[in-house]
Amino acid sequence: MQTIENYNFAGKKAFVRVDFNVPLDENFVITDDTRIRAALPTLKKILGDGGSVIIGSHLGRPKGVTDKFSLKHILDPVSKLLGIDVQFANDCIGEEAKIKAASLQPGEALMLENLRFYAEEEGKPRGLADDASDEEKSAAKKAIKESQKKFTETLASYADAYVNDAFGTAHRAHASTALIAAYFDADNKMFGYLMEKEVKAVEKILNDINRPFTAIMGGSKVSSKIEIIENLLNKVDNLIITGGMTYTFSKAKGGKIGNSICEDDKLDLALELIEKAKAKGVNLVLSVDAKIADSFSNDANTGYSSVDAIPDGWEGLDIGPETEKIYAEVIKKSKTILWNGPTGVFEFENFTHGSRSVAEAIVEATKNGAFSLIGGGDSVACINKFGLADGVSYVSTGGGALLEAIEGKVLPGIAAIRGF
């Protein structure tokens, strides 16, 4: 498989799929440019070789052309970070884009308008009536697939090489993230530096495990993490289940959880997972106490309670001090660590302590030689909020992509480059 490090881009044009889906405030000012900075090594390598770059990305989830999601809003910041004046095409497959791409000189860059302004990027028909018949839906799907092929061919025609550096969208079989790769031979398509690092980090977690291996799974719903949990039960030595999921497990075991979040229709599933962990010899670690509040607010009255005896009118919003000790002890003894999901409502300052204690334990374990991967939006936000990102092995930029990889799914964006 071709690698970006070994490829010489001199005199060549590269279509680079990046993930510049950055947050903007009401004045279209970028509030976090992490994703742009993450792509700079790839873009600079191509330009430094004497190649030119066609940058493709999405922004938000538009249902058509809208100024709110135009990539023109991030053109100046990208130009400043890249150190050159990046050109802009107002339509990613329009005549302007074709002309500008064709006339690009070595060392120059062109940013295309938001790829998702076209339904063809995602390959899903738009504008179907809610009461559309099955025949109408089928016809619309067929039509979008046919036009998606032309859309993809147009994007591919701009370049001599294809580089995918957008791990955050690798789980989508979209035109620019997977389908376009078919128009380039194996020697002219590759991962960018960021994508390479992401793939290696995931593969280390799944296939190159130093034990004990501990996974910390947070989040509010068991249902959204079930496939990940079941896959991890075949790999980990310790599985810490925390966050809002705690209370579904507590209630399933007969506990009183007050007003805490709970999936009442998943109580049997929680008990099944407990039994599966036991059968596989996995140490399933659950909370024993909680920091509770009398309302869902940072300013609520607070207290501590056993996780199975939360009073009526109160709800668990973070783990308690005994649970912090239990988690930390398990984490510090680990040699491979995956963290996905905080222990509580970390957005509220009064309920950050549990997540911070987990982050600090992971940092300590990493100092002692553990490999630690932090993934999923909230965990990444946590580690950055606490200023501890530099103390772990790797912080993933991919939320959904990372989770699907952990579930054991083949990601289209990765398979398209590898050829399987």
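**Close-up views of a predicted model**

**View 1. P212 and its cis bond.** P212 sits in the loop that runs between helix α6 (193–207) and strand β7 (213–217). Keep in mind, here and in the other views, that this is a predicted model. What kind of peptide bond joins R211 and P212? That bond is cis, with omega at about 5°. If you want to find the spot, look in the loop between α6 and β7, and pick out the link between R211 and P212.

**View 2. The whole chain, before we zoom in again.** The protein chain is built from 14 helices and 17 strands. Along its principal axes, the C-alpha atoms of the protein chain fill a box of roughly 70 × 55 × 45 Å. For 420 residues, a compact globule would come out with a radius of gyration near 22 Å, and the 24 Å of the protein chain agrees with that. Buried residues make up 55% of the 420. Now take the contacts in the protein chain with a separation of 6 or more: 72% of them are between residues 24 or more positions apart.

**View 3. Aromatic rings around Y162.** How many aromatic pairs does a search of the whole structure find? The count is six. One of the six brings together Y162 and F184, which are stacked, at 6.1 Å centre to centre and with 25° between the planes. Y162 belongs to strand β5 (residues 161–164), while F184 is in the loop between β5 and β6 (189–191), so this pair ties together parts that are 22 residues apart in sequence. Are Y162 and F184 buried or exposed? Both are buried.

View 4. F28 has a phi near 65°, a positive value in a residue other than glycine. With a relative accessible area of 30%, F28 is partly exposed. I30, on the other hand, has a relative accessible area of 19% and is buried; the cut-off for buried is under 20%. Which residues does I30 touch, not counting those up to four places away in sequence? They are V22, P23, L24, I36, I74 and P77. H73 is 43 residues from I30 along the chain, yet the C-alpha atoms of the two are separated by 8.6 Å.

**View 5. K44 on helix α1.** Move on to helix α1 itself, and you'll find K44 there. K44 is partly exposed, with 42% relative accessibility. Setting aside neighbours within four places in sequence, K44 has contacts with L81 and L82. Q105 is 61 residues away from K44 in sequence, and the C-alpha to C-alpha distance between K44 and Q105 is 15 Å.

**View 6. Q148 in helix α5.** Q148 is part of helix α5 (residues 134–157). Is Q148 buried or exposed? It counts as buried, at 5% relative accessibility. Leaving out neighbours within four places in sequence, Q148 makes contact with the run E120, E121, E122 and G123, and also with A175 and L179.

**View 7. S305 in strand β12.** This time the focus is S305, a residue of strand β12 (residues 302–306). Its relative accessible area is 10%, so S305 is buried. What is S305 in contact with, leaving aside neighbours within four places in sequence? The partners are D289, A290, I292, I310 and P311.

**View 8. G419, after helix α14.** Our last stop is G419, which lies in the segment after α14 (412–418). G419 is exposed, and its relative accessible area is 63%. How far apart are G419 and K149? In sequence they are 270 residues apart, and in space 19 Å, C-alpha to C-alpha.

Conventions. Residues numbered from 1 in each chain as written. Predicted model: local features only at pLDDT ≥ 70, side-chain atom pairs only at ≥ 80, totals over all residues. Heavy atoms only, no water. Helix = DSSP H or I, 4+ residues; strand = E, 2+ residues; numbered from the N terminus. Rg over C-alpha atoms; globule rule 2.2 N^0.38 Å. Buried < 20%, exposed > 50% of the residue type's maximum accessible area, 1.4 Å probe, protein only. Contact = heavy atoms within 4.5 Å. Phe/Tyr/Trp six-rings, centres within 6.5 Å; stacked < 30°, edge-to-face > 60°.
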